[in-house]
There are 2 protein chains.
Amino acid sequence: MDHTRAVTLHDVAREAGVAVSTVSRALSNPDRVNARTREHVRAVAQRLDYRPNRIAQALPTGSMQMLGMLVPDITNPHHFGLIRGAEAQARAAGYTLVLGDTQGLPGLEAGHTQRLASTVDGFLLVSPRGEDDSLHAVGTRRPVVLYNRELDGVRSVVTDAADAAGQVVDHLHALGHRSIAYLAGPADSWTEHQRHGALARRAADVGIAVRRIGPHSPTMDGGTAGVDAALATRATAVVAFNDLMAIGALRRLERRGVDVPGEVSVVGFDDIYGADFCHPPLTTVAAPVEEAGRRLVDALLAGPDAPFAERTVLPTTLLVRDSTGPVAFG
Amino acid sequence: MDHTRAVTLHDVAREAGVAVSTVSRALSNPDRVNARTREHVRAVAQRLDYRPNRIAQALPTGSMQMLGMLVPDITNPHHFGLIRGAEAQARAAGYTLVLGDTQGLPGLEAGHTQRLASTVDGFLLVSPRGEDDSLHAVGTRRPVVLYNRELDGVRSVVTDAADAAGQVVDHLHALGHRSIAYLAGPADSWTEHQRHGALARRAADVGIAVRRIGPHSPTMDGGTAGVDAALATRATAVVAFNDLMAIGALRRLERRGVDVPGEVSVVGFDDIYGADFCHPPLTTVAAPVEEAGRRLVDALLAGPDAPFAERTVLPTTLLVRDSTGPVAFG
DNA sequence: GTGAAAGCGCTAACAA
DNA sequence: TTGTTAGCGCTTTCAC
């Protein structure tokens, strides 16, 4: 495998007997060059198997045609749809998506943005944990859009947390539940505050007591760790910050021999892969994540002056499966 | 958000009263410059909040310090560990991982490699579906390593398919099974051939009949689609190409009211996220995927002349869970 | 130890 | 319509 020197614009120009600028134009501004020369140049380029050097292209233009997408946890299935949607939309627009895993750490998040700032044309920040200031700072270097986080002066796409929490509370209320244990996610998560806040408000409205357990890591382990305390509150329903935690809780309950939904109901958020085949299948709130991914890219590529809503709120849908049922008479 | 002009090396040089080359050295070849000037330059750079332009750095050096990782399906949990491991190792070596989803399509795979060839320093190709020739072609442009595919002259890391299949057959044989239905994955997948071939050979050795069903897509839907035909063969055990298919099969069987493992046993490959909490928990073969990811990066970064095994074979482990049991008397 | 200058491969004014 | 040329921001010889 000898990685032979690549064919450059100069090679093509020499071979075709024209100037480099003509080759450049023939290839990227087809209409600004005579049809005959254009075809000739293209034929030569083809014959020589010329491929533009993207780095060299990027230096004058200042754009590598890349978008940086930073997610807190690339192994959280919730982000699949988001990534898929964003990747598809980005590619359709001629951009390559560079993915970064921040592990939910503001430090890593900042590290990524710093390293990528001069490389990518913009950032898609998924549930970023950084301080408002540091997000604003990123915004001064490159365009930024946020997913599930809102910040003045920065475009964002969020799923309707208030409505989602409302649907969950109403569903549980209708089943007779009057006490909920909430398995909290990371304390520095904007979504965590939204979900918990909305849940607590709606619960108060309908006369349901909410006990907050946590915070815990937004993973299966986090759910496993928190559910025992949830049970100890004698709540009849457990609402988890996300599906990963809910599934972790479900597993723990099964091992402890607690019947779901006979003894306790469990609800999650996100409708991730696995929520439909865990045991029992999980009642959860789904959001149109692929569309969210696409919208993020649209918002980023729209340009600062384009008329574009600073905030996009996407609707959510409660999916009732087998992990919730009527409250047992105690 | 006005994306103000970035501070360049020239700005620092002017401000520090030295030449740009001195600044460049002070920052990247610290020992080739006087300690006093070095500190002075660094202080100025710091004060001006100078950040090197990676694109400009890359043009002379020819390296963006990026690695391209192409996976057939970014939503297949099997790839998580691989990605995690590779990302960690790459970052440790100062590289950024660029992820691409090929959707298992040779065309998209080729598209990605072409577009990225001049940007990345090398490729990690996960279960690539392209022809041998096109993979070799990529190899002439950039260093390449393969995961779960072997090719002469190209470094690869593979999980031990023959051993994995052997363990599965032995396990089923010990439980009394004498007929297996194999739910095949994509026909153009190297791993598919390895797994099926090894399964068939070992089965023949111990007197088990294998019927091949498929090919099907390596997804839950693929498993769902194939399992009815598998059942029709009256086999007592179903072995799927991967866990995704096995879980899809499990769901279909549950809906049809077929008892697992009472009436039929089910086995998968990979031990993906979800294999432990599906219903019933899936017996499967696990491989050290994070390590595989790390080794891929090591192999890629080792350089063409470094003494490095062309092929690395990683061991696998059978995880017996509840989806397999003794054969029922018919 | 430091500076001047020649690229890296391409784009885009500007001239012709 | 085409060619000439000056960068883009940095690295890296080569002199001094």
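Visitor: Where is B:Asp271 found?
Guide: B:Asp271 lies in the loop between β9 and β10 (283–286) of chain B. Strands are DSSP runs of E with at least two residues, helices are runs of H or I with at least four, and both are numbered from the N terminus. This is a predicted model, where local features need pLDDT of at least 70, side-chain atom pairs count only at pLDDT 80 or more, and totals for chains, interfaces and linings use all residues. Residues are numbered from 1 along each chain as its sequence is written, with chains lettered from A and ligands numbered from 1 in the order in which they are written.

Visitor: What is phi of B:Asp271 near?
Guide: Its phi is near 50°, a positive value in a residue other than glycine. Most residues other than glycine have a negative phi.

Visitor: Is B:Asp271 buried or exposed?
Guide: B:Asp271 is buried, because 24 other C-beta atoms lie within 10 Å. The cut-offs are 20 or more such atoms within 10 Å for buried, 12 or fewer for exposed, and in between for partly exposed, with C-beta atoms placed from the backbone.

Visitor: And what about phi of B:Gln65?
Guide: B:Gln65 has a positive phi too, near 55°. B:Gln65 sits in the loop between α4 (54–61) and β1 (66–71) of chain B. With 17 other C-beta atoms within 10 Å, B:Gln65 is partly exposed.

Visitor: New topic. Which residues does a cis peptide bond join in chain A?
Guide: A:Gly214 and A:Pro215, with omega about 5°. A:Pro215 is in the loop between β7 (209–213) and α10 (220–232).
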